[in-house]
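Visitor: Please take one part of this model and look at it closely, setting it in the context of its surroundings.

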Amino acid sequence: MIKSKLVRITTVPESLAILLKGQLGFMQTYFNVTAISSEGLMLNEVQKTENINTFSVNMTRKITPIKDLIALFKLYKFLKLEKPEIVHTHTPKAGLLGMLASYFANVPNRIHTIAGLPVMESRGLKREILLLVEKITYGCATMVCPNSNGLKDFVLSEKLTSKNKLSIIGKGSSNGINTDYFNKSNFKEHELSALRTDLNINKSDFVFIFVGRIVTDKGINELVKVFCELSIVNKSVKLLLVGSLESDLDPLLPSVLKEIKTNKQIIYVGFKKDVRPYFAIANVLVFPSYREGFPNVVMQAGAMDLPAIVSNINGCNEIIKDQENGLIIPVKNTEKLKEAMQNVFSDRQQLELMKLNTRSNIVNQYDQNYIWQELLKTYQAL
């Protein structure tokens, strides 16, 4: 039996390798899968680990009209030649170019997943341009999949597309969580002890952790400011920052960068392919992001038994129930962020009660196998 062709497109290969890890290989059982993104060693890695075809089209994350036109034409030529039954795009630039190319190439089923919208934090002319880009993307799609109810509500409120085009896969999330992989029981105490020693963390220290891009949009300026105030009065608190700096796209304040480098209670380890050991030595995830789609980090932390302090934004406020498996604070509110961090540090009984609900919530609602099966049903229905 000849399998139908499925093409998945993201702007950069890291999205394929990390955000969609395992999903492409799963779909290969049912479809002939090709993954497209900008070139790089990680794209080659995806080809090997997922056992799928790959094709490189260089796309930028900025507004680059000439480069975008070249990428659009290359995508169109590929799709016209391959004639896939389904094209499914992720991320804003890949969504715009992939949906346009699919539309012009007459691909019958064109799906775009929304997982966070930069327009939600934009103002003025930039906002109008980004809204237009989203309208074009959704206009070319036959199905639009917000990965949270909050994103769906935003799309409808801005009238970016019709309600009948919108569909949330499962209960949200683009890929769910491999709850066997994200499980604290996978680590021996001597392994965690060695990591603490390497990072100069005592077992008695209370560790706040942030995992993600170290940028303004993730609330890092507020987080570092608040932590500095806390660290002055208590030397047993540590802030563990795991992720890459993106100074060219969304730089932190110079004072915050200086604090990260000089404050001995802040530990910056950069990007890590495997974040699980860092979750395993932490007490609480702090994720004061300005905007999200359906954040993998919050689900990963929950699966690793970590309660979370999160912003009251879509995705985060769907995974976290206030006082049940974490705390929800207003966006960009340093006073409430400080209050929440102080509360989890001082009230260990409440922290333990919240911890009891974290993993079960993720296993019951966002396990990866469930999300994959729901997406497969969507594809097969087409």
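Guide: Contact here means heavy atoms within 4.5 Å. The model is a predicted one, and with that cut-off Met341 touches Phe208, Leu223, Val226, Phe227, Leu230, Val286 and Ile309, leaving aside residues up to four places away in sequence. Met341 belongs to the largest nonpolar core, a set of 67 residues in which Met341 is listed with Phe208, Ile209, Leu240, Phe279 and Ile309 as having the most contacts inside it. Helix α9, residues 220–233, contributes the largest share of this core, namely seven residues. Apart from it there is a second, separate core of 33 residues, which includes Ala101, Val107, Leu130 and Cys140. In soluble globular proteins, nonpolar side chains tend to be buried together.

Turning to the helix that spans residues 348–366, α15, its 19 residues should span 27 Å at 1.5 Å a residue, and this agrees with the 27 Å that separates its end C-alpha atoms. Its buried residues are Gln350, Leu351, Met354, Thr358, Arg359, Asn361, Ile362 and Tyr366.

The helix α15 also takes part in the second largest pocket, to whose lining it gives the most, with four residues, while α8 (189–199) and α11 (276–280) each supply at least two. This pocket has a volume of about 290 Å³, and of the 21 residues that line it, Lys184, Ala282, Asn283, Glu352 and Lys355 are the closest to its centre. By residue class, the lining of the second largest pocket divides into 10 nonpolar, nine charged and two polar residues.

Technical notes: Residues numbered from 1 in each chain as written. Predicted model: local features only at pLDDT ≥ 70, side-chain atom pairs only at ≥ 80, totals over all residues. Heavy atoms only, no water. 1 Å grid on protein atoms, 1.4 Å probe; cavity = no way out; pocket = protein on both sides within 12 Å on 5 of 7 lines; lining within 4 Å. Points joined across faces, edges and corners; volume = space filled by probe spheres on them. Nonpolar A, V, L, I, M, F, W, Y, C, P; charged D, E, K, R; others polar. Expected span 1.5 Å × (residues − 1). Buried < 20%, exposed > 50% of the residue type's maximum accessible area, 1.4 Å probe, protein only. Core = buried A, V, L, I, M, F, W, Y, C linked by side-chain atoms within 4.5 Å.
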